[in-house]
Amino acid sequence: MKNYTVTVNGNVYQVTVEEGTTNGVVQKAAPAAAPAPAAAPAAAPAPAASGNQGGTPVTASVPGKVVKVDAAVGAQVKAGDAIVTLEAMKMEIPVVAPKDGKVVSIEVAVGAAVENGDLLATMD
């Protein structure tokens, strides 16, 4: 087994390769390992329009970036109306209201990075 440190897009990975299983592949010397970058600063939390008051959560279905807040706090929405629009894989994906109701809070701001399952808004 041989251990390598590989950097891809600024992320450092430790890779272990089993020796002796080349099956016709020509082995070349590995390049010198790059030094590990300093830890990236933590992302600042997105400002919340108001706290989670209970109710129905509206969550991100994909990781991405908030490009538009479509509904304001207090807005009456119908099931299927866009509340927040995310950009993921160069596509704009609307996150829609799961039911008819009122938007109680918006938990993200335009430009915020979100992960799958993150709370975006709350409805009553």
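Biologist: If helices are DSSP runs of H or I with at least four residues, and strands are DSSP runs of E with at least two, both numbered from the N terminus, in what order do the elements of the protein chain run?

Modeller: From the N terminus on, the order is β-β-β-β-β-β-β-β-β-β, and the count for the protein chain is ten strands and zero helices. Please keep in mind that this is a predicted model, in which local features need pLDDT of at least 70 and side-chain atom pairs count only at pLDDT 80 or more, while totals for chains, interfaces and linings use all residues. Residues are numbered from 1 along each chain as its sequence is written, and side-chain values use heavy atoms, with hydrogens and water left out.

Biologist: OK, and how much of the protein chain counts as buried?

Modeller: Of its 124 residues, 22% count as buried, where buried means under 20% relative accessible area, exposed means over 50%, and partly exposed lies in between, using a 1.4 Å probe and protein chains only. The accessible surface of the protein chain, computed by the Shrake-Rupley method with a 1.4 Å probe, comes to about 8300 Å², and 55% of that belongs to carbon and sulfur atoms.

Biologist: What share of the contacts is between residues 24 or more positions apart?

Modeller: Taking a contact as heavy atoms within 4.5 Å, such residues account for 56% of the contacts in the protein chain that have a separation of 6 or more.

Biologist: Let's move to the sheets. What is the strand order in the one with β7?

Modeller: That is an open sheet of four strands in the order β7-β6-β4-β9, and the pairing is antiparallel; two strands pair if DSSP finds at least two bridges between them. Its edge strands are β7 (91–96) and β9 (113–114), each of which pairs on one side only. Strand β4, residues 64–69, is joined to β9 by two bridges, and K65 stands opposite A113 there.

Biologist: And how many bridges join β6 to β7?

Modeller: Six bridges join strand β6 (residues 82–88) to β7, and the two run antiparallel; L86, for example, has I93 in β7 as its bridge partner. The hairpin of these strands has two residues between them.

Biologist: Are they buried or exposed?

Modeller: M89 has a relative accessible area of 74%, so it counts as exposed, and K90, at 82%, is exposed as well.

Biologist: What about the sheet with β10, what is the order there?

Modeller: It is an open sheet of four strands with the order β3-β10-β8-β5 and antiparallel pairing. The strands β3 (56–59) and β5 (76–77) stand at the edges with a single partner strand each, so one side of each is left without a neighbour in the sheet. Four bridges join β3 to strand β10, residues 119–123, with T59 paired to L119.

Biologist: Changing topic, how many salt bridges do you count?

Modeller: If a salt bridge is a side-chain nitrogen of Lys or Arg within 4 Å of a carboxyl oxygen of Asp or Glu, the count comes to one. The side chains of K68 and D70 meet in it, at 3.5 Å from N to O. K68 is partly exposed because its relative accessibility is 47%, and D70 is partly exposed too, at 29%.

Biologist: What does E107 do instead, and where is it?

Modeller: E107 is in the loop between β8 (101–106) and β9. It is buried yet has no salt bridge, and the nearest side chain of opposite charge, K102, is 14 Å away; for this, Lys and Arg count as positive and Asp and Glu as negative, while His and the chain ends are not counted.
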